[in-house]
Every structure is written in C-alpha cells, then in structure tokens.
Amino acid sequence: MTGLSWPVGMRRAPTAKSVGFMRLLAAWHAPCFAVLASGCFYIGPIPTVEYNLPPEIKRAEPAADTEEALLIGPSGQSVFVIAEDPEGDEVRFTWTLTGEGILGYGYPVYDGEGSEIVLEHDPDLDGKTLGCLLDDGENDLVALSWRLEVL
Amino acid sequence: MRMFTAATLLFVLCGCSDMALKGGRFDTAEATAEATAEGTLRLDIDPPDSDDGTVLLAQSHIVLPADYEGLGIELFDTRTVSGVLTAQVTRGWSLGGAPTTPEPLVADLLALAEDNRLGTVARSDADGAFTLSFPAYPFGTQLVFVPNDAAVAPLLVLDAPDIDRPRFDQEIEPGIPVYGRVNGLIDGVDTALAGVPLRISRLVNGQVISSSVFTTDATGWYVARVDQLGEYTLDVGGSAFGEDIEIAPAVSVPLLVEAPEGVEVPVSLGLVGHATADGRVVDSSGERVADARVRFVSTLLDGGPGSLTLETDTNRDGRFITDLLPGIYDVEVMPRYESDAVPASPVRYKNVRVDDGVDLGELLLLPATRLAGTVLDVNERPAANVLVVATETGFAENVYSGRTGQDGTFDFPVSDVPMVVTLTPADSASGAVTRSEIEAPATVNSFQLDAGVPVSGRVTHGGAFVGTASIKVYDAGSGALLGQTFSDDDGVFALRISLPEPSRDTDTATEDDDSADTGADTADTGADTAR
C-alpha cells in the first residue's frame, strides 16, 4: 500500500484462492447457523448466504500496485482500468489523488467497462498516489493505486 | 500502400543503403512532412503484454490519407538499453579546466519519437545505473538525458540509431554554461533575488524538453549547462520563492547560445513581493463551500512583465487567503467532486482587481444543471446505447457521462459551463464518433451523429492477433483526439471518425475512391500498412 488509506469497509480485491475460501466458509457456516438457531432440529429451508463478488480487473495500464513508481514524462501519462463484475453489475470507477480527494470518474472506455484518466505533466503530482476505486454498488470495493513521480 | 511507395521513392532518390534509409535525416524529414499532411492520422496503440510474456509498449503508428480501412498494424518490438550514466562534474560557470573524474549522474531519461509519437521515460539511480525500454521505431527516435541538477551537467540528446548495443554507458561532458543574475523590484528597490526557480528548455523532436528546476544562489546568480549551441528558452519564476515567501511572475526569456564559452543572460522580473487576497466561496443557497478550488489567472500584472497563475483551496468555513502579485486577474472558482451528484457549477469572474489586503467578498458558485436530449443516427433515427461524454471546457475539465436508452434519449447532471460533448455510438453503422462544442448544456436538446469515415484494421505482433489493445485515433496535424476503441480478441477494430473541418472536402473524395477498393469495415490484414 502506498499512500492511500481506505475508509473502513473497503478492501482489496480477493484473490481467486481467497474467494474459494470464502465460498467454503459460507457453505460450512450456513447449516451450523441453522441448527444452532433452532435449538436442536431445524425444519425448513436452510438460509442461503449470498455473496457478491467484487469487480474483476481485466486490465490495468500501466500495472497498478507495483513497487516502481509511475513516471510521468513531458507528454503526460494515460492510466486506464478495465473491469468486469461477475454478477454483471455496473462498475463505477472513482479516481482519487492523495491530498486532492476525488479527481472524478474518468473518461469511460471499453464500452463503459473501463475508465481512463490522463495525467498532465504537473510537478505538483510528484510523490502523490493516484487511486482508482471500483464499485459494483454492492458494498464491495476494489482499490488500485499508482505512486507518481514527475520527471 | 502509399507508405510503401513513399519509402521506395525515397530509396531511389537517396541512392542510399538500407542503413542510411532508417537512420538518415532525409528519411525523418520526409516522415515528418507526411505526418503533418492534411488527413493524416496517428493511431496510439496501447497493447497488453503478449501471452508469451513479451513486453509490448504503447506506441504510435502513422496512417496516411486514404489508407484508413483494412489497416494491418504490426506492433513494433520493444528495444531496451541499459548502462551507467556519468558526468564530468563542473561547478560554477567556468568551462572546467582539466577534466575531472566522472561521477555517477542521476538523470531522467526520455525516448522521444518524431511526429509526437508515443515515447517512454525512465530514471537513473544514485549509481547512475539505468534501463530504458522504448518502441523500436525504425527511425526518428532520440534519447534525452536530463540531469537532476542542470548546474552540474547539461541535457544531452542522442540519436537512438547510434546506440546499437543493449549495454550502453554514457559519459556527459561539462557542456556550455548559461548564467546570469535574477533581479526584481522589492519595495521599489532593485534587488538580487535568491531562491528563484528556473528551467532551461529546447525543442527535441518537436517537443519542448526542459531541464530540471534549478534556483538562484544567495547572491541571485544562476548557472545551467547546455550540450550544444542553439536556441533555448529560460523560464523564470511563476511561484513563491525564497525564505520570505515572495511571489515572482513567470517570465520566459528566449536566448541563443552562439559560443562555446557560454552566454550571460540577466533577468529582470519587475515587481515581486506579494499582495494578500482573501474571500469566501458560497453556493447558490448562500452556504459556505469547503474545499473549493480558487484559481487566479493574471491578465495584467502591475509594474512588470510576465504572468502568474496560482491556486488555493477554501477551508472548512469556505474561506481562502492567498498571496499574489498586484494586478488584474480572472478568478475561477470550482467545487470539488463529493458524491455522485454534481454539487455546483464552476464560475469565472473576469478582470478582478487584486491589491494587497483586498477582500474579494463572496464568490458565488452556480447551481448544476442537466444535459438531456436525443441522439439521432446518420439516418435521423434515434440511436440507442450511445455513450455521451461531456467534458468541461476549461476549469477542472471535469467529465460527466451517460448513455442513450432505446429511444435515443439521455439525461444526466452536469455543471452549467461550456462543454465538449463526445458521442460514441455502440456500432460504427450508426455513425461516427462525433464531437460538439456547446455553450450552455440546458439549451441542448438533440445531437446527430456524423457520417464520418471508417477506420478499421487488425493489430498483430509477430503475426499473432493482439486483443484488448487500446486504440486512440488522432488527427496527426493538430493532435486532436478523433475517437478511441479497443481491439477484439482477434485484434480487429473498427470505428468511424469525423475528420477536422478543413479536411472534409478532400476526404469525401478520398472515401469515394476507397469505397470501390475496400468495401466493408472489416479488417483485412493483408492490405494497407500503417507505420
């Protein structure tokens, strides 16, 4: 993590492994919860725990969350993210900058499944962190970040 | 096809070898002339890395007029050079006398290509070690080394074709000094100014390349180094400086370096100092607005040359206070994004007089509005699923967007300022990517997609299809973005673009000529070739 602090409730995208673990956990807890809640036997439908999966990143360009800073040269730098929501929800992209808050929602690309922002060659950006929050409207956020260095 | 013809003709005219054709100045000059010809397109392509792990870099391809369809775009490989950067360090404005032991040099590295093609950047580390990757354009690439201290070593430009090996150590010579003293008027007294920021720049491959920022010393003197004789620009001031936080106007000084001994360039900034201005930002209901941005753009400064643009933010109480130079300004007040809703509209107050201690009072933000209407296709039928993007003209250049429904209508909140509206149809049959400039969003009720001209092709690398490549189409001459899309899994892309106005007559004829040759928008990989 570089620079950006995420409000409570936001978290990074789970990996395929962690998503699998969450599904296993849900399957394990659902019957246990049903039995415990009824005292002994449970007659009736077992409640289904529905999990919403966060948006999946199809492409982030340049690569996000790397150790290397994103260098901004004299002609500026374009940054874009393309994502897909497993449930088909519309993904909202919000671009942020440390010290600036929300920059905006970016320019829609890839038929609206992506968002692009163009950073100009501005010395004030040096040392700041660009963030992109992907929100599928289900309280499941994915955060990407780029540490900026201006040449 | 035209590219092939031009290259062949060039070869015959030069009577030169293939090596000379790639690296010779004649070739690059010819390419530049082609790239700026009316109707020429530049396609900036940003591909993902290939499946085998090969790193492919964002790169530009020039498309000549009438070659817009069936483009076979073979991506350039990535070329990487690495090495150690050193400099014969010389301090002060003498030429240095006896050579010193080279020291590692921290510098920014730029790979610049002609015709505003995409390049790349890198930075050397404390040991001077660097690695720079860039698209292997067949000609016209230059490597620029920008030392992080312009007083120690000059900016150096090398032709990439001269670097024929991946290992590349470079020693930078002391260069030619450019030096002088910066003065300004403080309380009516001509004073040498310490700590004033400066940059020296020159044109490389059509782009302005600047040195790192350097400052005047305690006696007001500066020195920078350049690698060759020629024309430069010295940019001075434009911000707060010094221990007393004075404000200096931005002044650009053109200069000519004619002799290896260097050149003295004194700079007078006129009036420096500061005038404090404060005020409050309120919305249309009279509520104070926190975190609003207030930008001052000078139109006329008192007592001197230059200009000044400074920004400040309001505090929690909606108040701001800033230091400026006395003069006349346009004051732009902009709200910040806070939520999905558009909070308010930015406002520009023109010709505001600023003197020391002035209270600008309440600066009012106007209410937001909505951009609503209908998009019609080329046959004047409602166009469904059109992406409507409205970008503020000036101010923060905020972007708002929506999409048309099945009935072709759209409706979304925007700020109430002049906008550039870009309509991107869901399919190229509906029309071209169409741009319109509107003065007042609330007065708009319909747009019609232009017929435009088709641009299509296939992106490949090593013969393999390249999918999910971002493709932006620019007018090569003006640099205006005409449309953007992505390649599909087969590397195929197709869109229609509206050419800039002056080109339309020519290109209507071109399109007619082409229609007999190419027909549909479908990519034909074996046809024309973009560079």
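Me: Why does B:Asn116 count as partly exposed?
Reply: In this predicted model, B:Asn116 has 19 C-beta neighbours inside 10 Å. A residue is buried if 20 or more other C-beta atoms lie within 10 Å of its own, exposed if 12 or fewer, and partly exposed in between, with C-beta atoms placed from the backbone. The value of 19 therefore puts B:Asn116 in the partly exposed class.

Me: Why does B:Asp115 count as buried?
Reply: B:Asp115 has 22 C-beta neighbours inside 10 Å, and therefore counts as buried. B:Asp115 lies in the loop between strand 6 and strand 7 of chain B, and the place of B:Asn116 is in that loop also. Strands (E, at least two residues) and helices (H or I, at least four) are DSSP runs, numbered from the N terminus.

Me: What is the phi of B:Asp115, which is not a glycine?
Reply: The phi of B:Asp115 is positive, at about 60°. B:Asn116, not a glycine either, likewise has a positive phi of about 60°.

Me: What makes B:Leu234 buried?
Reply: B:Leu234 has 21 other C-beta atoms within 10 Å, so the residue is buried. B:Leu234 belongs to strand 18 (residues 230-236) of chain B. Beyond four places in sequence, the contacts of B:Leu234 are B:Leu198, B:Ile200, B:Val253, B:Leu255 and B:Val265. Two residues are in contact if their C-beta atoms, placed from the backbone, lie within 7 Å.

Me: Why is strand 3 of chain A described as largely enclosed by the rest of the structure?
Reply: Strand 3 (residues 77-84) of chain A has six buried residues out of eight, so the description applies.

Me: How do you know that strand 3 of chain A and strand 7 of chain A pair?
Reply: Two strands pair if DSSP finds at least two bridges between them. Strand 3 and strand 7 (residues 114-119) of chain A share six bridges in the antiparallel sense, and one of the partners in strand 7 is A:Glu116, which bridges to A:Phe80. Strand 1 (residues 56-61) of chain A also pairs with strand 3, antiparallel, over five bridges. There A:Arg59 stands opposite A:Ile82.

Me: Which peptide bond is cis, with omega near -5°?
Reply: The bond from A:Glu61 to A:Pro62 is cis. A:Pro62 sits in the loop between strand 1 and strand 2 (70-72) of chain A.

Me: What makes a set of residues a nonpolar core?
Reply: A nonpolar core is a set of buried Ala, Val, Leu, Ile, Met, Phe, Trp, Tyr and Cys residues joined through C-beta atoms within 7 Å. The largest here has 140 residues, of which B:Leu109, B:Phe145 and B:Ile497 touch the most other members. Strand 9 (residues 141-150) of chain A gives the most to this core, with seven residues. Apart from this core lies another of 11 residues, including B:Val281 and B:Val333.

Me: How many residues of chain B are in contact with chain A?
Reply: There are 21, and they touch 18 residues of chain A. The elements giving two or more residues to this side of chain B include strand 6 (107-113), strand 7 (120-123) and strand 41 (481-486). By class, this side has 10 nonpolar, six polar and five charged residues. Here Ala, Val, Leu, Ile, Met, Phe, Trp, Tyr, Cys and Pro count as nonpolar, Asp, Glu, Lys and Arg as charged, and the others, Gly among them, as polar.

Me: What is the mean pLDDT of chain B?
Reply: The mean is 83, and 84% of the residues of chain B reach 70 or more, where pLDDT is the predictor's confidence in each residue, from 0 to 100. Over residues 1-31 of chain B the pLDDT is below 50, and over residues 503-531 of chain B the value stays under 50. For the complex, the predictor gives an ipTM of 0.76 and a pTM of 0.78.

Key. Residues numbered from 1 in each chain as written. Chains lettered and ligands numbered in written order. Predicted model: local features only at pLDDT ≥ 70, side-chain atom pairs only at ≥ 80, totals over all residues.
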